[in-house]
Amino acid sequence: MPAMSLLAVTVLGHDRPGIVADTTAALAAIGGNLEDSTMTLLRGSFAMLLLVRASAGEAEVRSALAGLEADGRLTVEVRRLPDDGEEPPGPVQAVTPYVLSVHGADRPGIVSALTRVVADAGGNVTDLTTRLTGDLYVLLAEVALPERSDVEALRDRLAATARDLGVDAALRPVETDEL
């Protein structure tokens, strides 16, 4: 059996119906298996990142996806990622998931200031979405905090930073669903 590579596929450009279907069909046709993916629309622009496990190499995957770029409205990139089947090195640390929500008047520096507070507390941003609607700026971030974090102290630091920025911030635990 051929070696399976882990590939990052990005698709960026003008939105249109069928991009997800066309991309995933082309990957399935060459035996690509989606392991992780994210996709969003940003003011009419399409952005998707896929982690694909495939026996095909970068060139073959790129060739399979070439049709997406035919009209010049999308750009596709394929890059092989290092993958030895192991988790990244370092100590495994128990984490607790939280959601950070922020809203208020738009201004530069909101994301950097608030995510710095999270990082300084040992937290890791695992997903982040922002939206600007008129003058209202909204940020939603999933963060993983070390299990023994002082969450109340972090909330206080986030609140102080948010006040300095003229926005409101809230940190709450993620509600876990049992399957």
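**Entry 1: the sheet with β1 to β4**

I began with an open sheet of four strands, whose order is β2-β3-β1-β4 and whose pairing is antiparallel. I note here that the model is a predicted one. I looked for the edges and found β2 (33–42) and β4 (74–81), each of which pairs on one side only. From one strand to the next, the twist averages 10°.

I then checked how β1 and β4 are joined. Strand β1 (residues 5–14) runs antiparallel to β4, and eight bridges join the two. Within this pair, I found T10 opposite E77 of β4.

**Entry 2: helices on that sheet**

Which strands does helix α1 touch? I listed β1, β2, β3 (45–54) and β4 for α1, which spans residues 19–29 and packs on the sheet. The direction of α1 makes about 20° with that of β3. I looked up helix α2 (residues 58–65) next; α2 lies across β1 and β4 and runs at about 160° to β4.

**Entry 3: the sheet with β5 to β8**

I turned to another open sheet of four strands, with antiparallel pairing and the order β6-β7-β5-β8. Its edge strands are β6 (124–133) and β8 (167–173), each pairing on one side only. I recorded an average twist of 15° from one strand to the next.

How many bridges does β5 share with β8? I counted seven, with β5 (residues 95–105) and β8 pairing in the antiparallel sense. I also noted that V102 stands opposite A169 in β8.

Helix α4 came next. I found that α4 (residues 151–165) lies across β5, β7 (136–146) and β8. The helix α4 runs at about 160° to β8.

**Entry 4: nonpolar cores**

I looked for the largest nonpolar core and found 19 residues in it. The residues with the most contacts inside this core are L100, L114, L145, L158 and L171. I traced the elements that give two or more residues to this core: β5, α3 (110–120), β7, α4 and β8.

Leaving out residues up to four places away in sequence, L145 touches A94, V95, T96, Y98, V118, G123, V151, L154 and L171. One of these contacts, L171, is also among the residues with the most contacts inside the core.

Notes
Residues are numbered from 1 along each chain as its sequence is written. This is a predicted model: local features need pLDDT of at least 70, side-chain atom pairs count only at pLDDT 80 or more; totals for chains, interfaces and linings use all residues. Side-chain values use heavy atoms; hydrogens and water are left out. Two strands pair if DSSP finds at least two bridges between them. Axes are lines fitted to C-alpha atoms, for helices over the stretch in contact, and angles run from 0 to 180 degrees between N-to-C directions. Contact means heavy atoms within 4.5 Å. A nonpolar core is a set of buried Ala, Val, Leu, Ile, Met, Phe, Trp, Tyr and Cys residues joined through side-chain atoms within 4.5 Å. Buried means under 20% relative accessible area, exposed over 50%, partly exposed in between (1.4 Å probe, protein chains only).
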